[in-house]
Amino acid sequence: MTLFQKQTQFSLLLQNLYPKEEAESITSFVFQELLRLDALGLRMKKEMQLGSDVSEQLDMILKRLYQHEPVQYVLGISYFYGLRLTVNQNVLIPRRETEELVELITKQNNKGNPKILDIGTGSGCIAIALKHLIPHAEVYAIDKEENAVRTAKLNALT
């Protein structure tokens, strides 16, 4: 089966769960991450034959999506403020609204040497994004869940 055929099949099957645009968006995200290609790369390689290992991985991903597991947990990846972060069941999936919070904090703290404390850091998305955006800031992040702290540390190191 070609890449294009598998993408089409995947998207059509997801349309049983999601509206068409959302199914197409999820499909694109899955294929880009799994094949390590951007959107243009997917279009350019649409005639590429997929190996059985890739097809099996896609089938397993689809099975988990059919169990209503968020695609970010299935892939273990989420993007936040342009940062590629590890996510898992121990942390919340970063949301667009949280990016707006980071924008507000950045605008209000772009002078001096602010000290920022992120309580309940989860994936660390807020603390990590703020440190990237305000490099002179002292940023601290804490969480009571040990597994969340591990995830945040992993994200901070990448």
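Is F80 buried or exposed? Keep that in mind as you open the model; the tour comes back to it.

**Before you start**

This is a predicted model, in which local features need pLDDT of at least 70, side-chain atom pairs count only at pLDDT 80 or more, and totals for chains, interfaces and linings use all residues. Residues are numbered from 1 along each chain as its sequence is written, and side-chain values use heavy atoms, with hydrogens and water left out.

**The whole chain**

Begin with a cartoon view. Trace them from the N terminus and the order is α-α-α-α-α-β-β-α-β-α-β-α. The C-alpha trace spans about 55 × 30 × 30 Å along its principal axes.

Now colour by accessibility. Of the 158 residues, 39% are buried; buried means under 20% relative accessible area, exposed over 50%, and partly exposed in between (1.4 Å probe, protein chains only).

**Stop 1: K6**

Select K6, which sits in helix 1 (residues 3-14). K6 counts as buried because its relative accessibility is 6%. Show its neighbours: leaving aside residues up to four places away in sequence, K6 touches M1, F31, L50, S55, L58 and D59, a contact being heavy atoms within 4.5 Å. Then draw a line to T27, which is 21 residues from K6 in sequence and 9.9 Å away, C-alpha to C-alpha.

**Stop 2: F4 and K46**

Next, pick F4 and K46. K46 lies over the face of F4, 5.9 Å from the ring centre. The rule here asks for NZ of Lys or CZ of Arg within 6 Å of the ring centre and within 35 degrees of the ring normal.

**Stop 3: the aromatic pairs**

Three aromatic pairs turn up in this model. Rings of Phe, Tyr and Trp (its six-membered ring) pair if their centres lie within 6.5 Å; planes under 30 degrees apart count as stacked, over 60 as edge-to-face and the rest as tilted.

Y79 is partly exposed, at 39% relative accessibility.

Move on to F80 and Y81, a tilted pair at 6.2 Å centre to centre and 55 degrees between the planes. Here is the reply to the opening question: F80 is buried because its relative accessibility is 0%. Y81, with a relative accessible area of 30%, is partly exposed.

Methods. Helices (H or I, at least four residues) and strands (E, at least two) are DSSP runs, numbered from the N terminus.
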